[in-house]
Amino acid sequence: MQPTTPLVLCVLLSQVLQLTSAEDLDCTPGFQRKLFHINQPAEFIEDQAILNLTFSDCKGNDKLHYEVSSPYFKVNNDGSLVALRNVTAVGKTLFVHAQTPHAEDMAELVIVGGKDIRGSLQDIFKFERTSPVPRQKRSIVVSPILIPENQRQPFPRDVGKVVDSDRPEGSKFRLTGKGVDQEPKGIFRINENTGSVSVTRNLDRETIATYQLLVETIDVNGRTLEGPVPLEVIVIDQNDNRPIFQEGPYIGHVMEGSPTGTTVMRMTAFDADDPATDNALLRYNIRQQTPDRPSPNMFYIDPEKGDIVTVVSPALLDRETLENPKYELIIEAQDMAGLDVGLTGTATATIMIDDKNDHSPKFTKKEFQATVEEGAVGVIVNLTVEDKDDPTTGAWRAAYTIINGNPGQSFEIHTNPQTNEGMLSVVKPLDYEISAFHTLLIKVENEDPLVPDVSYGPSSTATVHITVLDVNEGPVFHPDPMMVTKQEHISVGSVLLTVNATDPDSLQHQTIRYSVYKDPAGWLNINPINGTVDTTAVLDRESPFVHNSVYTALFLAIDSGNPPATGTGTLLITLEDVNDNAPFIYPTVAEVCDDAKNLSVVILGASDKDLHPNTDPFKFEIHKPTVPDKVWKISKINNTHALVSLLQNLNKANYHLPIMVTDSGKPPMTNITDLRVQVCSCKNSKVDCNTAGAPHFSTTAVLLLSFFSLARL
């Protein structure tokens with residue numbers, strides 16, 4: 001039976017090369033042997049051959065180049081695999097990549113007994129070794145093409161070849177898909193006659209990791225003869241990305257005295273390389289610690305997880321004894337599982353040693369002294385304390401309490417937020433004559449509670465001795481204010497009262513003299529020796545110096561001290577009203593038309609400066625001796641108002657009408673006031689009072705004004 005001739009796409013992996021038999025090609029490019037097994041030695045010795053590899057591109061192996069997956073090995077020109085240095089663990093598998101301008105292939109070395117460092121190359125390239133695909137007549141059989149990223153010139157370069165000896169004459173190969181005729185276009189192409197697949201530029205796995213292409217054969221008219229068949233191009237990762245710390249700034253906190261092994265924080269970096277390879281397998285270490293005291297190794301970082309933990313004893317992690325409670329660590333992340341050939345990235349971790357309240361505040365001395373003048377208030381002494389804890393925390397901030405010696409609550413103590421001192425103040429004036437000395441017992445605590453193994457001791461209490469200084473205090477009036485009630489218009493020289501002032505300085509036996517300090521109306525006099533107050537003028541309740549019937553005056557009491565001290569007393573005189581003011585009327589001018597049908601002239605109101613009952617009801621009358629009868633009339637409206645009206649029309653002129661108003665006082669007071677009435681000419685809605693010599697007010701307007709005044713009362 002004649003063997004069928006398949007359409008074969010040559011690729012890098014051994015599985016694919018096994019698809020082509022000797023009867024198809026006289027020479028098969030690639031490694032003659034793809035898979036090797038060796039036992040894990042105690043150590044791979046430098047320059048000692050491990051095995052020999054045989055590779056052929058069927059064209060003389062011009063410019064043959066080998067690459068090994070581990071940086072600790074190389075392949076010599078004769079195909080021998082050797083170690084570059086003495087090394088023990090390299091993993092379970094090594095891969096060797098061979099390449100010429102015409103072909104490339106990969107061989108696998110399985111190390112029996114080796115420790116697994118990372119997944120196999122099958123995981124990296126995302127396909128598994130499979131059995132050879134059965135050959136079918138006129139079927140396109142393809143396997144993934146593997147191309148390392150970041151290849152250098154020259155381009156284009158062949159990465160595979162389609163072989164079909166029974167291909168109809170005139171037929172061509174066609175390649176399609178993203179990377180060929182779809183964006184990004186032009187990366188791959190196929191020789192339509194020979195079937196060679198080539199790449200036109202270097203690839204970046206971090207941009208595109210795989211390309212899914214389609215290969216087929218077509219006739220001269222472009223019709224498909226075979227296919228299309230999927231062709232996957234896998235970009236082999238190279239270690240071309242450094243680890244990057246993306247989440248900074250990195251700040252951690254740990255409490256002072258924390259146990260060894262306390263986790264402070266976690267730092268992790270990102271590597272853009274293939275996470276299934278050692279290219280993205282990171283290891284962490286601390287490159288530098290600042291400061292380096294009390295130990296250059298205060299912290300440790302888990303090389304795989306990135307957890308930073310304390311490694312010193314709790315005693316060394318004492319914030320109060322540290323040179324600086326802030327540490328800066330330079331953290332390095334290295335790929336290739338931390339091997340020397342791995343790329344690195346660094347970041348700074350800042351670690352703060354947080355304070356706990358393990359030191360109680362202590363007074364700088366057991367006793368404090370203070371002096372204060374009697375009668376004064378304010379801060380008299382600042383109590384100083386020491387506390388080794390962090391000044392920015394409640395473990396340092398002090399709270400003071402007076403625990404003895406303050407029964408009258410004359411003292412208070414507050415904390416100065418800047419200095420932490422206790423500001424002791426007098427809030428109620430002290431009296432030397434009552435007590436010249438005071439002794440206070442004061443305790444200090446922190447805002448935050450102390451840790452369980454620390455307590456407040458004797459140094460957390462202090463005694464304050466306060467000496468009160470005697471000063472010459474001014475005399476004090478009793479009572480103050482002094483109040484007296486008198487009728488206005490009492491006789492000049494009448495005695496109102498005798499004031500009384502005493503000197504608080506009872507031990508000094510001083511004399512007191514009196515004087516007038518403020519007497520707005522000039523009505524009063526005081527005897528400087530005995531304090532008797534009498535009048536020097538008539539007291540008038542209606543005076544502008546009297547408010548709400550009360551007159552206010554101030555007196556001084558001056559002692560005989562050196563210098564003399566003065567006290568001030570207030571006298572409030574309530575003045576009782578007498579009927580000493582006659583009432584008065586308003587308004588005093590009115591006008592009326594000479595032909596008015598309504599003979600009402602004006603509504604009069606009356607007022608009186610006195611108080612009830614010396615005011616209304618008022619009595620309104622026309623003073624008849626000077627007024628003709630049967631012309632004017634006045635009528636009572638209420639207790640305070642009356643209506644003036646005419647009994648007949650008058651000629652245009654000015655008239656003077658005497659109005660007599662009398663209050664209800666006992667005895668009553670009467671006042672006579674002329675009401676000037678202007679009789680005006682009122683024609684065609686115009687009021688003419690010129691002849692009368694009066695303002696141009698109509699009678700109606702005057703009546704409205706009067707009713708308005710009435711309504712307000």
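Reader: Start with Cys680 and Cys689. Which hand does the disulfide have, and why?
Author: The torsion about the S-S bond of Cys680 and Cys689 is about 105°, so this disulfide is right-handed. A disulfide here is a pair of cysteine sulfur atoms within 2.5 Å.

Reader: What kind of model is this?
Author: This is a predicted model: local features need pLDDT of at least 70, side-chain atom pairs count only at pLDDT 80 or more, and totals for chains, interfaces and linings use all residues. Residues are numbered from 1 along each chain as its sequence is written, and side-chain values use heavy atoms, with hydrogens and water left out.

Reader: Back to Cys680 and Cys689. What is the S to S distance?
Author: 1.7 Å.

Reader: Are Cys680 and Cys689 buried or exposed?
Author: Cys680 counts as buried because its relative accessibility is 1%. Cys689 is at 0%, so it counts as buried too. Buried means under 20% relative accessible area, exposed over 50%, partly exposed in between, with a 1.4 Å probe and protein chains only.

Reader: How many disulfides does the structure hold?
Author: Two. Cys593 and Cys682 form a disulfide, with sulfur atoms 2.0 Å apart. The pair links distant parts of the chain, 89 residues apart. Cys593 is in strand β45 (residues 589-593) and Cys682 in strand β51 (residues 670-683). Strands (E, at least two residues) and helices (H or I, at least four) are DSSP runs, numbered from the N terminus.

Reader: Which hand does the disulfide of Cys593 and Cys682 have?
Author: Left-handed, because the torsion about its S-S bond is about -85°. Both Cys593 and Cys682 are buried.

Reader: New topic. How many aromatic pairs?
Author: Eleven. One of them is Phe299 with Tyr327, an edge-to-face pair at 5.7 Å centre to centre and 70° between the planes. Rings of Phe, Tyr and Trp (its six-membered ring) pair if their centres lie within 6.5 Å; planes under 30 degrees apart count as stacked, over 60 as edge-to-face and the rest as tilted.

Reader: Where do Phe299 and Tyr327 sit in the chain?
Author: Phe299 is in strand β22 (residues 299-301) and Tyr327 in strand β24 (residues 326-334). They are 28 residues apart. Phe299 and Tyr327 are both buried.

Reader: Which sheet holds β22?
Author: An open sheet of three strands, in the order β20-β23-β22, with antiparallel pairing. Its edge strands are β20 (263-266) and β22, each pairing on one side only. Two strands pair if DSSP finds at least two bridges between them.

Reader: How many bridges between β22 and β23?
Author: Three, in the antiparallel sense, with β23 covering residues 307-310. Tyr300 stands opposite Val309 in β23.

Reader: Switching to the backbone. Which peptide bonds are cis?
Author: One joins Gln153 to Pro154, with omega near 15°. Another joins Phe155 and Pro156, where omega is about -5°. Pro154 is in the loop between β12 (145-148) and β13 (157-163). Pro156 also lies in the loop between β12 and β13.

Reader: What lies over the face of Phe155?
Author: Arg157, at 5.5 Å from the ring centre. A charge sits over a ring if NZ of Lys or CZ of Arg is within 6 Å of the ring centre and within 35 degrees of the ring normal.

Reader: And phi of Met336?
Author: Positive, about 60°, although Met336 is not a glycine. Most residues other than glycine have a negative phi. Met336 is in the loop between β24 and β25 (344-354). Its relative accessible area is 9%, so Met336 is buried.
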